[in-house]
Amino acid sequence: METITHNKYTVKKIRELTKSTYVVRMERNGMAFIPGQNLNLGLAGDTEKRDYSIYSRKKDDYLEILVKEVEDGLVSKQLKRINPGDALEVDGPFGFFTLKEEHLYSKKFLFISSGTGIAPFHSITGSFPEIDFTLLHGVRYLDETYEKHDYPDDRYISCISQEAGGDFHGRVTDYIKQHPVDKDTLCYLCGNVNMIYDVFDILKEQGVPSENLHAEVYF
Amino acid sequence: MKYHIITLGCQMNLSDTGRTKPVIESMGYEWTDNEDEAQLVGILACSVRQKAIDKVYARIHKWNRAKNQRNLLTFVTGCILPADREKFLKLFDIVFPMSELQELPEMIRQNGIVTPVSLKVVNQQEDLVFRNERVEQLKRSAAGLKLNEHMSDFWHINPAYESKFEAFVPIQNGCDKFCTFCAVPYTRGREVSRPSTEILEEVKNLVEQDYKSITLLGQNVNSYGLDKKGEEVSFPELLRLIGKMGKASGKEFWVYFTSPHPRDMTDEVIEVVAQYDCLAKQIHLPGQSGDDKVLIRMNRKHNMEKYRHIVHTIRKLIPRATLFTDIIVGFTGETDEQFENTRRIMEEFKYNMAYIAQYSVRPGATSSRWDDDVPKEVKKQRYHTLTEDLMKTSHEHNKAMVGKTYRVLVRGKERKGEFLSGLTEGRINVRIPSTDMSLVGQIVDIKINSATEFSLAGDLINQTELQSA
């Protein structure tokens, strides 16, 4: 007999990274996903839902998402208040911001992120540590380099715009202008739309064909 | 007892209405065009624009007032956002996702409406317990259930086709693409493909009944099979099977599909359409914008390079195919320069038809949380500019058809004058000076003698010959 089921996932742990940014860990319930995909979720019983990229790795027995509390946010504020044992309603996985299997070990990847836009790359690089990648992470302050120890030192480049002490002082756009990208590199962009538009223009100017550009906009 | 249904929105809702009617009629209800004399009234809702949802609220308030005068049972189904569904639960007697249509008789029975026929639906105690439980679950969880969970049951329902020669065949439901301007993923649920055996059977039955125009329907029709990789045929393979069936039948008919998504539009789909006569040489390829950045903001998952490749492949493999598209002008943040890029593709791709919409906020869609920052006047201007661009290319195409003979499906009588109207295989309107209703539903030869931007006029070829004799 068929029954109507809800996509309820129990929260296991909340990990605070900054005052406003945190990782929500929940049970995996056997969900299969491709690193780079996202989930549509909200509090159980609530009609408001938002999309969050999966932060955890393919091999993990849990799911994680990286959340930044948004002022007036209908979901992120509620998520901040949840506790282990609470239920989330989760749908997914969705999305096509994923690496093609045939490219995994034959191509160079440049991952460009701003803020919590690093989430899909955390999942991708954690799931496929052998791939040839460079990860640019644009944030304003040093404490926003969320869990940078999860990435190899020689592959993670923090671009800090508001204070010194990062790998690069300035925005990711400045970094890319100073370090032109080879046109055969597969570029994956994730973050706010302004960063993506600016990077898109710079990469096009540098001769990277649009077929090598992939974007996931965070709204 | 009589019933009346109001269908709002797209072809999918029209197609769903064709499955809803026989379910209600199986309970002994009879259709009436007059909702004021119906005892059962329902709406197939559409959430694409707020206006459509406003119509639902207006109607249910009217019906609830009418309950003071007569017995009336109300239901709503179709595309409904979770927030509206919550409100509808308080206003309508019955709220259900279309995938639960087969439970409607039981839901009606639970509302105290019993007909001799409806009693037969639940003639076994075990079945009754199961159905009661399922309906109760539906009531409790209308806001959170998986919208597509029982689509397979829905597709088993034999539809009542509105026409004797044109039919819609649903092959896929739901959407996983999450375009930021659209709420369909939240109203229709995830992509679910109908079993190909059922699709082929329905198409075969239609062909045997001499249907001339069959449209395969889905929110992302060419994503067919992707949710059941390895267990179900792919979309091009499904088309191939239909093509082979058409060839074997020896009959003349045209199979269309809508709407495809450029992301999943493979060369193989175009190759198969080119290969079989019954697969209509008309492609609807929604572009939405000609600017890569706008496409990123729309979360379209295709770029202009990919789109251009598809159009070039169509032009190369099916030179006579007509090309239709959907465009949104004035999308949030669209600059003059970005709009100019859309104008450029209008010129480059020479569409035969473009359904151009001025962007409006669609509640529930991601973009509804953003400023609708392109002024109304600018949207209007862009709409008119693009329409004029379209008219130039479509007129050129239509003028080139003058003097040639085309197969045309005669669809009916025009409202004014003594004309019949029809569609070419490429879905261009044709006006025919005739009142011979026996031609309706037939594919006939028409010699085109004049063309406007969006239509053609022509004579039945035998009439022309008679005149010249």
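Visitor: What do domain 1 of chain A and domain 2 of chain A bury between them?

Guide: They bury about 1400 Å². Of that, 58% is on carbon and sulfur atoms. This is a predicted model.

Visitor: Why is the size of an interface given as an area?

Guide: The size is often given as the accessible area lost when the parts come together.

Visitor: How many salt bridges cross the interface of domain 1 and domain 2 of chain A?

Guide: The rule finds one across that interface.

Visitor: What makes R15(A) and E147(A) a salt bridge?

Guide: Look at the closest N and O atoms: they are 2.8 Å apart. The cut-off is 4 Å. The value of 2.8 Å is within 4 Å, so the pair counts as a salt bridge. R15(A) and E147(A) also belong to a salt-bridge network with R25(A) and E64(A).

Visitor: What makes strand β7 of chain A "mostly covered"?

Guide: Count its residues. Six of the seven in β7(A), residues 108–114, are buried. Buried means under 20% relative accessible area.

Visitor: How do you know that β7(A) and β8(A) pair?

Guide: Seven bridges join them, in the parallel sense. Pairing needs at least two bridges, so β7(A) and β8(A) pair.

Visitor: What joins β7(A) to β11(A)?

Guide: Five bridges do, and the two strands run parallel. F109(A) stands opposite L186(A) in β11(A). F111(A) has Y188(A) as its bridge partner there.

Visitor: In what order do the six strands of the open sheet in chain A stand?

Guide: The order is β10-β9-β8-β7-β11-β12, with parallel pairing. β10 and β12 of chain A stand at the edges with a single partner strand each, so one side of each has no neighbour in the sheet.

Visitor: How many salt bridges does the structure hold over all chains?

Guide: There are 45. One of them links R59(B) and E35(B), with the closest N and O atoms 2.5 Å apart. R59(B) lies in helix α2 of chain B and E35(B) in the loop between β2 and β3 of chain B, so the pair ties together parts 24 residues apart in sequence.

Visitor: Why is E35(B) called buried?

Guide: Its relative accessible area is 11%. That is under 20%, so E35(B) is buried. R59(B) has 28%, which lies between 20% and 50%, so R59(B) is partly exposed.

Visitor: What does the salt bridge of R308(B) and E348(B) tie together?

Guide: The side chains meet at 2.7 Å, N to O. R308(B) lies in helix α13 and E348(B) in helix α14 of chain B, so the pair ties together parts 40 residues apart in sequence.

Visitor: Is D336(B) buried or exposed?

Guide: D336(B) has a relative accessible area of 55%. That is over 50%, so D336(B) is exposed. Its salt-bridge partner is R382(B), with N and O atoms 2.7 Å apart. R382(B) sits in helix α15 of chain B, 46 residues from D336(B) in helix α14. At 5%, R382(B) is under the 20% cut-off, so R382(B) is buried.

Note on methods
Residues numbered from 1 in each chain as written. Chains lettered and ligands numbered in written order. Predicted model: local features only at pLDDT ≥ 70, side-chain atom pairs only at ≥ 80, totals over all residues. Heavy atoms only, no water. Buried < 20%, exposed > 50% of the residue type's maximum accessible area, 1.4 Å probe, protein only. Helix = DSSP H or I, 4+ residues; strand = E, 2+ residues; numbered from the N terminus. Buried area = accessible area lost by both parts, 1.4 Å probe.
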